[in-house]
Amino acid sequence: MIKGHISPYHAPAFIPEALAKGRHRAIIGGRWEETGNIQMEMLLAEGLRPRHTLLDIGCGPLRTGCRVIPFLNPGHYWGTDLSGDLMRRGYDTELTEADRLRLPRGQLVEDGDFTFRGIPCEMDYLLCFAVLTHLPMNHLRRGLLNITRHFTRFEKLLFTVFLAPDAVASLAPVRQPDGVVTHDTRPPYHLLAGDVRHFCAQAGLVVELRPDRLPRGQVLCVARRA
Ligand SMILES: C[S@@+](CC[C@H](N)C(=O)[O-])C[C@H]1O[C@@H](n2cnc3c(N)ncnc32)[C@H](O)[C@@H]1O
(Lines give C-alpha, C1' and ligand atoms only; values in the text may rest on other atoms or scores of the structure.)
Protein backbone atom coordinates (compact mmCIF):
# COMPACT_ATOMS: atom_id res chain seq x y z
CA MET A 1 0.00 0.00 0.00
CA ILE A 2 1.11 3.52 -0.72
CA LYS A 3 1.03 5.02 2.78
CA GLY A 4 -1.77 7.45 3.61
CA HIS A 5 -4.10 6.37 0.78
CA ILE A 6 -7.03 4.00 0.95
CA SER A 7 -5.81 2.23 -2.18
CA PRO A 8 -2.82 2.56 -4.50
CA TYR A 9 -5.15 4.03 -7.13
CA HIS A 10 -5.92 6.96 -4.80
CA ALA A 11 -2.25 8.02 -4.51
CA PRO A 12 -2.02 11.10 -6.81
CA ALA A 13 1.16 9.99 -8.64
CA PHE A 14 0.36 6.28 -9.00
CA ILE A 15 -1.71 6.30 -12.21
CA PRO A 16 0.07 9.25 -13.97
CA GLU A 17 3.51 7.68 -13.38
CA ALA A 18 2.34 4.28 -14.61
CA LEU A 19 0.77 5.82 -17.72
CA ALA A 20 3.97 7.76 -18.45
CA LYS A 21 5.83 4.42 -18.45
CA GLY A 22 3.22 2.65 -20.57
CA ARG A 23 2.31 0.38 -17.64
CA HIS A 24 -1.51 0.60 -17.76
CA ARG A 25 -1.84 -3.19 -17.93
CA ALA A 26 0.55 -3.79 -15.02
CA ILE A 27 -1.13 -1.41 -12.56
CA ILE A 28 -4.44 -3.21 -12.74
CA GLY A 29 -2.72 -6.44 -11.73
CA GLY A 30 -1.36 -7.71 -15.06
CA ARG A 31 -2.62 -11.17 -16.17
CA TRP A 32 -4.28 -9.24 -19.00
CA GLU A 33 -5.34 -12.14 -21.22
CA GLU A 34 -6.22 -14.60 -18.45
CA THR A 35 -8.26 -12.19 -16.33
CA GLY A 36 -9.94 -10.53 -19.30
CA ASN A 37 -10.98 -13.90 -20.72
CA ILE A 38 -12.25 -15.13 -17.36
CA GLN A 39 -14.42 -12.04 -16.99
CA MET A 40 -15.80 -12.54 -20.50
CA GLU A 41 -16.57 -16.22 -19.82
CA MET A 42 -18.18 -15.28 -16.51
CA LEU A 43 -20.43 -12.70 -18.21
CA LEU A 44 -21.48 -15.22 -20.87
CA ALA A 45 -22.19 -17.86 -18.21
CA GLU A 46 -24.36 -15.33 -16.36
CA GLY A 47 -26.43 -14.82 -19.51
CA LEU A 48 -24.93 -11.73 -21.20
CA ARG A 49 -26.03 -11.53 -24.82
CA PRO A 50 -25.28 -8.94 -27.57
CA ARG A 51 -28.66 -7.25 -27.08
CA HIS A 52 -27.90 -6.45 -23.41
CA THR A 53 -26.39 -3.25 -22.03
CA LEU A 54 -23.45 -3.50 -19.63
CA LEU A 55 -21.91 -1.01 -17.22
CA ASP A 56 -18.33 -1.94 -16.23
CA ILE A 57 -17.77 -0.12 -12.91
CA GLY A 58 -14.05 0.55 -12.29
CA CYS A 59 -13.28 -0.64 -15.82
CA GLY A 60 -9.70 0.70 -15.85
CA PRO A 61 -7.95 0.46 -19.24
CA LEU A 62 -10.64 -1.86 -20.68
CA ARG A 63 -9.19 -5.31 -19.93
CA THR A 64 -12.75 -6.62 -20.19
CA GLY A 65 -13.98 -3.85 -22.47
CA CYS A 66 -11.65 -4.88 -25.31
CA ARG A 67 -13.34 -8.31 -25.29
CA VAL A 68 -16.94 -7.37 -24.57
CA ILE A 69 -17.27 -4.28 -26.81
CA PRO A 70 -17.00 -6.31 -30.07
CA PHE A 71 -19.50 -8.82 -28.63
CA LEU A 72 -22.21 -6.36 -27.59
CA ASN A 73 -24.35 -4.40 -30.01
CA PRO A 74 -22.78 -0.99 -30.76
CA GLY A 75 -23.26 1.53 -27.97
CA HIS A 76 -24.25 -1.10 -25.39
CA TYR A 77 -21.04 -0.84 -23.28
CA TRP A 78 -20.55 1.83 -20.62
CA GLY A 79 -17.59 2.16 -18.26
CA THR A 80 -16.72 4.20 -15.18
CA ASP A 81 -13.45 4.59 -13.32
CA LEU A 82 -11.76 6.76 -10.74
CA SER A 83 -9.31 7.70 -13.50
CA GLY A 84 -10.50 9.12 -16.81
CA ASP A 85 -6.89 8.99 -18.07
CA LEU A 86 -6.66 5.23 -17.45
CA MET A 87 -9.88 4.60 -19.39
CA ARG A 88 -8.75 6.87 -22.23
CA ARG A 89 -5.41 5.01 -22.43
CA GLY A 90 -7.35 1.78 -22.84
CA TYR A 91 -9.62 3.36 -25.45
CA ASP A 92 -6.63 4.61 -27.48
CA THR A 93 -4.36 1.57 -27.21
CA GLU A 94 -6.43 -1.53 -26.43
CA LEU A 95 -9.39 -1.09 -28.77
CA THR A 96 -9.31 -1.69 -32.51
CA GLU A 97 -10.62 1.02 -34.79
CA ALA A 98 -13.75 -1.08 -35.31
CA ASP A 99 -14.23 -1.33 -31.51
CA ARG A 100 -13.87 2.43 -31.15
CA LEU A 101 -16.70 2.94 -33.64
CA ARG A 102 -18.89 0.82 -31.33
CA LEU A 103 -18.09 2.89 -28.23
CA PRO A 104 -18.67 6.65 -28.12
CA ARG A 105 -15.93 8.19 -25.90
CA GLY A 106 -18.64 9.80 -23.76
CA GLN A 107 -19.67 6.34 -22.54
CA LEU A 108 -16.47 6.18 -20.45
CA VAL A 109 -17.37 8.30 -17.43
CA GLU A 110 -14.93 9.39 -14.72
CA ASP A 111 -16.55 8.51 -11.38
CA GLY A 112 -14.62 7.65 -8.24
CA ASP A 113 -17.59 7.88 -5.93
CA PHE A 114 -20.18 5.50 -7.35
CA THR A 115 -22.48 8.40 -8.25
CA PHE A 116 -23.13 7.16 -11.83
CA ARG A 117 -23.85 10.71 -13.05
CA GLY A 118 -24.58 10.67 -16.78
CA ILE A 119 -25.12 6.90 -16.94
CA PRO A 120 -28.57 5.72 -18.15
CA CYS A 121 -30.80 4.52 -15.30
CA GLU A 122 -31.66 1.26 -17.05
CA MET A 123 -28.90 -1.25 -17.60
CA ASP A 124 -29.10 -5.01 -18.06
CA TYR A 125 -25.79 -6.01 -16.47
CA LEU A 126 -23.56 -4.26 -13.95
CA LEU A 127 -20.00 -5.53 -13.44
CA CYS A 128 -17.58 -4.44 -10.72
CA PHE A 129 -14.57 -6.75 -10.94
CA ALA A 130 -11.46 -6.38 -8.75
CA VAL A 131 -12.50 -2.91 -7.60
CA LEU A 132 -14.11 -3.38 -4.18
CA THR A 133 -11.17 -5.64 -3.28
CA HIS A 134 -9.07 -2.46 -3.16
CA LEU A 135 -11.53 -0.37 -1.14
CA PRO A 136 -12.58 -0.22 2.54
CA MET A 137 -15.90 -1.85 3.40
CA ASN A 138 -18.04 1.29 3.48
CA HIS A 139 -17.31 1.73 -0.24
CA LEU A 140 -19.18 -1.51 -0.82
CA ARG A 141 -22.14 -0.13 1.14
CA ARG A 142 -22.01 3.16 -0.80
CA GLY A 143 -21.64 1.38 -4.13
CA LEU A 144 -24.59 -0.95 -3.52
CA LEU A 145 -26.87 1.77 -2.13
CA ASN A 146 -26.08 4.11 -5.02
CA ILE A 147 -26.63 1.30 -7.53
CA THR A 148 -30.11 0.60 -6.28
CA ARG A 149 -30.88 4.34 -6.02
CA HIS A 150 -29.60 5.19 -9.52
CA PHE A 151 -30.59 2.15 -11.58
CA THR A 152 -34.34 1.79 -11.80
CA ARG A 153 -33.88 -1.52 -13.63
CA PHE A 154 -31.08 -4.05 -13.96
CA GLU A 155 -30.94 -7.82 -14.24
CA LYS A 156 -27.74 -8.73 -12.45
CA LEU A 157 -24.95 -7.06 -10.59
CA LEU A 158 -21.71 -9.07 -10.60
CA PHE A 159 -19.00 -7.97 -8.17
CA THR A 160 -15.95 -9.53 -6.55
CA VAL A 161 -14.60 -9.50 -3.01
CA PHE A 162 -12.00 -11.29 -0.94
CA LEU A 163 -13.37 -13.20 2.05
CA ALA A 164 -11.92 -14.07 5.44
CA PRO A 165 -13.20 -17.32 6.97
CA ASP A 166 -14.59 -15.71 10.18
CA ALA A 167 -14.48 -12.53 12.28
CA VAL A 168 -11.50 -13.50 14.42
CA ALA A 169 -9.54 -14.74 11.39
CA SER A 170 -10.30 -11.42 9.66
CA LEU A 171 -8.10 -9.57 12.16
CA ALA A 172 -4.96 -11.24 10.82
CA PRO A 173 -3.67 -11.36 7.22
CA VAL A 174 -5.43 -14.07 5.17
CA ARG A 175 -3.62 -16.01 2.44
CA GLN A 176 -6.14 -16.47 -0.40
CA PRO A 177 -6.21 -19.67 -2.53
CA ASP A 178 -4.21 -17.94 -5.29
CA GLY A 179 -1.50 -16.78 -2.86
CA VAL A 180 -2.55 -13.14 -2.44
CA VAL A 181 -2.50 -11.94 1.18
CA THR A 182 -5.47 -9.79 2.17
CA HIS A 183 -6.13 -7.57 5.21
CA ASP A 184 -8.96 -5.96 7.17
CA THR A 185 -7.64 -2.38 7.28
CA ARG A 186 -5.37 -2.11 4.24
CA PRO A 187 -5.59 -3.21 0.64
CA PRO A 188 -6.21 -5.72 -0.71
CA TYR A 189 -9.12 -5.90 1.73
CA HIS A 190 -11.10 -8.92 2.88
CA LEU A 191 -14.50 -9.00 4.55
CA LEU A 192 -16.94 -11.65 5.74
CA ALA A 193 -19.62 -13.39 3.70
CA GLY A 194 -22.11 -12.07 6.29
CA ASP A 195 -20.95 -8.49 5.63
CA VAL A 196 -21.65 -8.90 1.91
CA ARG A 197 -25.13 -10.30 2.58
CA HIS A 198 -25.89 -7.55 5.12
CA PHE A 199 -24.80 -4.69 2.83
CA CYS A 200 -26.76 -6.22 -0.05
CA ALA A 201 -29.89 -6.54 2.09
CA GLN A 202 -29.54 -2.89 3.19
CA ALA A 203 -29.54 -1.89 -0.47
CA GLY A 204 -32.56 -4.08 -1.27
CA LEU A 205 -30.55 -6.81 -3.00
CA VAL A 206 -30.34 -10.56 -2.63
CA VAL A 207 -26.93 -12.02 -3.32
CA GLU A 208 -25.45 -15.37 -4.16
CA LEU A 209 -21.80 -15.97 -3.32
CA ARG A 210 -20.36 -18.41 -5.83
CA PRO A 211 -18.22 -21.20 -4.37
CA ASP A 212 -15.53 -21.29 -7.09
CA ARG A 213 -12.61 -18.87 -6.91
CA LEU A 214 -11.62 -16.33 -9.56
CA PRO A 215 -8.04 -15.09 -10.22
CA ARG A 216 -6.19 -14.22 -6.98
CA GLY A 217 -8.86 -16.02 -4.96
CA GLN A 218 -11.64 -13.47 -5.49
CA VAL A 219 -15.22 -14.56 -4.83
CA LEU A 220 -17.91 -13.76 -7.38
CA CYS A 221 -21.07 -12.24 -5.87
CA VAL A 222 -24.20 -12.16 -8.04
CA ALA A 223 -26.87 -9.74 -6.79
CA ARG A 224 -30.39 -8.92 -7.96
CA ARG A 225 -33.14 -6.72 -6.58
CA ALA A 226 -34.94 -8.47 -3.71
C1 LIG B 1 -7.58 -3.92 -10.29
S2 LIG B 1 -8.25 -2.70 -11.33
C3 LIG B 1 -9.56 -3.59 -12.12
C4 LIG B 1 -9.95 -2.99 -13.44
C5 LIG B 1 -11.06 -3.75 -14.19
N6 LIG B 1 -12.26 -3.89 -13.40
C7 LIG B 1 -10.55 -5.11 -14.63
O8 LIG B 1 -10.78 -6.10 -13.90
O9 LIG B 1 -9.90 -5.18 -15.64
C10 LIG B 1 -9.13 -1.63 -10.20
C11 LIG B 1 -9.73 -0.41 -10.90
O12 LIG B 1 -10.63 0.23 -10.00
C13 LIG B 1 -10.50 1.64 -10.16
N14 LIG B 1 -11.02 2.25 -8.93
C15 LIG B 1 -10.47 2.27 -7.70
N16 LIG B 1 -11.30 2.88 -6.83
C17 LIG B 1 -12.41 3.24 -7.53
C18 LIG B 1 -13.63 3.89 -7.19
N19 LIG B 1 -13.86 4.32 -5.94
N20 LIG B 1 -14.55 4.08 -8.16
C21 LIG B 1 -14.31 3.65 -9.43
N22 LIG B 1 -13.16 3.03 -9.81
C23 LIG B 1 -12.23 2.83 -8.87
C24 LIG B 1 -9.02 1.84 -10.41
O25 LIG B 1 -8.72 3.09 -11.01
C26 LIG B 1 -8.69 0.63 -11.32
O27 LIG B 1 -8.88 0.93 -12.67
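**Notes on the predicted model**

1. Let's begin at the ligand: by class, its shell holds nine nonpolar, nine polar and two charged residues. Here Ala, Val, Leu, Ile, Met, Phe, Trp, Tyr, Cys and Pro count as nonpolar, Asp, Glu, Lys and Arg as charged, and the others, Gly among them, as polar. Of the 20 residues around the ligand, Ile28, Gly58, Gly60, Arg63 and Leu82 come nearest; a residue is near if its C-beta atom, placed from the backbone, lies within 6 Å of the molecule.

2. A word on conventions. This is a predicted model, in which local features need pLDDT of at least 70 and side-chain atom pairs count only at pLDDT 80 or more, while totals for chains, interfaces and linings use all residues. Residues are numbered from 1 along each chain as its sequence is written.

3. Now the overall fold. The protein has eight helices and ten strands, taken as DSSP runs numbered from the N terminus (helices H or I, at least four residues; strands E, at least two). The radius of gyration is 17 Å, which agrees with the value near 17 Å for a compact globule of 226 residues; this is taken over C-alpha atoms, and the rule is 2.2 Å times the number of residues to the power 0.38. Of the contacts with a separation of 6 or more, 65% join residues 24 or more positions apart, a contact being two C-beta atoms, placed from the backbone, within 7 Å.

4. Helix H8 (residues 193–202) is worth a look. Val196, Phe199 and Cys200 are buried there. They sit on the same side of H8 because they cover an arc of only 100 degrees around the axis, judged by the directions from the helix axis to the C-beta atoms. Gly194 and Gln202, on the other side, are exposed. A residue is buried with 20 or more other C-beta atoms within 10 Å of its own, exposed with 12 or fewer, and partly exposed in between, with C-beta atoms placed from the backbone. The cover over the buried residues includes helix H6 (137–150) and strand E9 (205–213).

5. Finally, some backbone geometry to check. Most residues other than glycine have a negative phi, and most peptide bonds are trans. Leu62, in the loop between strand E1 (54–57) and helix H3 (65–68), has a positive phi of about 75 degrees and is buried, with 30 C-beta neighbours inside 10 Å. Phe114 has a positive phi near 55 degrees and is also buried. Pro187 and Pro188 are joined by a cis peptide bond, with omega about -10 degrees.
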